[in-house]
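Student: Please pick one part of this model and take me through it slowly. I'd like the details at side-chain level, then a bit of context.

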Amino acid sequence: MKAIHTAHNKAAAAAYIAAQHDYLQRVAAHCDYAITLQTSLRTCGIKARTMEDRLYKAQGSLRQLRNKLNRLLTGNGYKRNDRYLPVFVAAIEGTTNDYDLNRTLHIHIALGNTGHEATEATRRLLEDGIRQIWTATAVGTADVRVDRLTKGTEHRWMDYIGKEAHTGSTGNTGVIDYSNTQIPAHLLND
């Protein structure tokens, strides 16, 4: 009976991972930037309850970043018109770390629908703005990287930010932070 239950759980997890992959790939074409943020929250050898608390803090800081970034990119436009809402898909990684003493929770983000053309100049401005917002949060550090996604790389970036879900029997199917993910409805309907 236990083998049947285990096989069912594996099949359900595989179906969830496949559905999440398809969903993220559908959104990928609308993303212009790849963002990586580091936190000050160490992850090696901590208890499950402590990890839950740290994950909660990271999600709260990410929420602050997302809200301020929406305002930075659109003013109040995203509140008036859903079409202005930036695409924001975030993955919080490091919750399954049991080997690297220096590792912290870190976040990968796909950002798009920003209302401007992604150029090197806008990338630098965006990186500076995100760094200012992120370091002002409870867990943010100055270690912020923003890269432009060129045609074709956006799908690889989405695969990359969802990679922890695919790591064998210890896969982290909750790596995508759906509480902070935002995707304008019109992009999903296209």
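Tutor: Glu120 and Arg123 sit three residues apart in helix H4, which is about one turn of the helix. Before going on, a word on what we're looking at: the model is predicted, so local features need pLDDT of at least 70 and side-chain atom pairs count only at pLDDT 80 or more, while totals for chains, interfaces and linings use all residues. Numbering starts from 1 along each chain as its sequence is written, and side-chain values use heavy atoms, with hydrogens and water left out.

Back to our pair. Glu120 and Arg123 join their side chains in a salt bridge, 2.8 Å from N to O. That term means a side-chain nitrogen of Lys or Arg within 4 Å of a carboxyl oxygen of Asp or Glu. Why would such groups pair up at all? Side chains of opposite charge can do so when their charged atoms come close.

Arg123 has another partner: Glu127, at 3.2 Å from N to O. Those two are four residues apart in H4, so about one helical turn separates them. Glu120, at 33%, counts as partly exposed. (Buried is under 20% relative accessible area, exposed over 50%, partly exposed in between, using a 1.4 Å probe and protein chains only.)

Helix H4 itself spans 120-135, and the loop leading from strand S3 (104-112) to H4 holds Asn113. (Helices, H or I with at least four residues, and strands, E with at least two, are DSSP runs numbered from the N terminus.) Asn113 is worth a glance: its phi is positive, about 50 degrees, although it isn't a glycine. At 22% relative accessibility, Asn113 is partly exposed.

For contrast, look over at helix H2 (residues 48-74), where Glu52 and Arg49 are three residues apart, about one helical turn. They form a salt bridge as well, with the closest N and O atoms 3.4 Å apart. Here Glu52 is partly exposed at 47%, and Arg49 is exposed at 55%.

Across the whole structure, the search turns up eight salt bridges. As for the setting, the protein chain has six helices and four strands, and 42% of its 190 residues are buried.
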